[in-house]
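Student: Hi, could we go through this structure together? I'm still new at reading these.
Tutor: Of course, let's look at it first.
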Amino acid sequence: MVEDSSPLAPLAVVVLAAGKGTRMKSNLHKVLHPIAGRPMLEHLMASAAELSPQRQVVVAGHGLEQLEKALGDKVTFAVQEPQLGTGHAVQQAQGALDGFDGDILILYGDVPFVRTETMRAMIERLHAKDSPAVVVLGFEPEDPLQYGRVLAHDDGRIAMMVEYKDATEDQRACRLCNSGLMAVKSADLFDLLSRVGNDNAQGEYYLVDIVNVATLEGRTCAVITTDDPDEVGGINSRGELAEAEARWQARRRKAAMADGVTLTAPETVFFAWDTQLGRDVTIEPNVVFGPGVTIADDVTVRAFSHLEGATLESGVEIGPYARLRPGAVLKAGSKVGNFVEIKKAVLGEGAKANHLSYLGDAEIGAGANIGAGTITCNYDGYFKHKTVIGERAFIGSNSALVAPIQIGADAIVAAGSAVTRNVAPGELRLVRGEQLIKPGWADRFHDAMKKKKAEQKK
């Protein structure tokens, strides 16, 4: 019997993403910067989605238009303008949560790797017998730096929370830090927020103060602690973005190898968030995966290849220096060699394109051979056109196939041909200018040029 993994009550998720992200020094909204080819905000939203929230609210300010374009109607937006602190930001979600009765999970758009299991643990703690008003996610980093502190009893009940700038030296000695993530019942959240003031070093309305308000009323507030500080690591700069990417890639490489993938130089391989790999796949050094790649069993990806939006069936071999673009489908046993680019094209079973070719908007039959330097001329400056190559067809080296065009099964296109009309099955198509032969012409040319050069030196 499968356990029910749904929350204990209806769930709403509030994601704070109103900051300007000035340390990124970018025109792109901070939470839309990608990690493993996916915006950091979408990493977070995907983890939250596993809890099946009834409502999702993103609190935005700067860059609202970018967020709306990226997320569309998947979420409801609330606007914080001006930005007066995290407590004030959450208050802006009140209208979007009107009529909602359940649990509210408060997350941060620049803290993308909070696990679903951690979110669920926060919600479960909210429904424990002591019925805490607020559940806070804490962590213990190697260096507490300037994080806010959670002053708690051994049983996890919170005595007080304090921001670093407002903390005493004794309070700063506490190593349990506030991640900013909270779980609160809807019946409590906005009532507590209405009583939060801004009498602090920043002059802001701190979200953490809802804990202090509830505690002063005699209510229990609790902290649970993640065992992985990286899970709640915020990303505020390009350097931190690169560090987060490195951590994600390291975990993904380790998982791939544990699942039966050979990485001959793991540190040089870069996966996308959705890369799917079969068993007994071999990936050589300096391979990069963009989003949308699916690889079956027994595939070899040789060095310096780049794949995005591609599907590779069993027994395929590509590279080195191959580029597979979106829509590339390589059927079982097919082969793509060095400096071959494939875009929106199907390479049939056992077909080969071993060298220096471009195959775009094409359908290539089983067993066909594509010679070095072959180009499918698929674009006329306005529209894309399709090339269809039949089974076992042989395309000679340095041929240009001007689409739309069909090459029949077992046909041969002679090397150096520029083909503009369909080729029938079993036909030879030879498109070359007539060769002109002039015996001795080169010798006479060289003699004349040497004489002329010698005269110029006099």
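Tutor: What follows is a walk through this predicted model, taken topic by topic.

Student: Before anything else, what is the mean pLDDT of the chain?
Tutor: The mean pLDDT of the protein chain is 95, and 98% of its residues reach 70 or more.

Student: And where does pLDDT stay under 50?
Tutor: That happens over residues 1-5, a stretch for which the model has two contacts beyond four places in sequence.

Student: OK, new topic. How is the chain divided?
Tutor: The protein chain is split into domain 1, covering 11-232, and domain 2, covering 238-429, and the C-alpha centres of these two domains lie 44 Å apart.

Student: How many residues are in contact between them?
Tutor: On the domain 1 side 14 residues take part, and they are in contact with 13 residues of domain 2. Together the two domains bury about 1,100 Å² between them, with 58% of that area on carbon and sulfur atoms.

Student: What about salt bridges across that interface, how many are there?
Tutor: Two salt bridges are found across the interface of domain 1 and domain 2. As for individual pairs in this chain, Arg247 forms a salt bridge with Asp230, where the closest N and O atoms are 3.8 Å apart. The interface of domain 1 and domain 2 also has four residue pairs in polar contact, counting pairs with both residues at pLDDT 80 or more.

Student: Which elements supply the side of domain 1 that touches domain 2?
Tutor: Strand 2 (34-35) and helix 1 (40-49) each supply at least two residues of that side. Sorted by class, the side of domain 1 that touches domain 2 has six nonpolar, four polar and four charged residues.

Student: Going back to salt bridges, what does the count come to?
Tutor: The count comes to 21 salt bridges. One of them is between the side chains of Lys30 and Asp110, at 2.7 Å from N to O. This pair links distant parts of the chain, 80 residues apart: Lys30 sits in the loop between strand 1 (11-17) and strand 2, while Asp110 sits in the loop between strand 6 (103-108) and helix 4 (116-126).

Student: Switching to the backbone, is the peptide bond from Glu81 to Pro82 cis or trans?
Tutor: The bond from Glu81 to Pro82 is cis, with omega near 0°, and Pro82 is found in the loop between strand 5 (76-79) and helix 3 (86-91). The peptide bond from Ala403 to Pro404 is cis as well, with omega near 5°, and Pro404 is found in the loop between strand 31 (400-402) and strand 32 (405-407).

Student: Last one: is the phi of Phe339 positive or negative?
Tutor: Phe339 has a positive phi of about 55°, although this residue is not a glycine. Phe339 lies in the loop between strand 23 (335-338) and strand 24 (341-347).

Conventions. Residues numbered from 1 in each chain as written. Heavy atoms only, no water. Domains from an automatic or database assignment. Contact = heavy atoms within 4.5 Å. Buried area = accessible area lost by both parts, 1.4 Å probe. Salt bridge = Lys/Arg side-chain N within 4 Å of Asp/Glu carboxyl O. Polar contact = N/O pair within 3.5 Å; in protein donor to acceptor, adjacent residues only side chain to side chain. Helix = DSSP H or I, 4+ residues; strand = E, 2+ residues; numbered from the N terminus. Nonpolar A, V, L, I, M, F, W, Y, C, P; charged D, E, K, R; others polar. pLDDT = per-residue confidence, 0-100.
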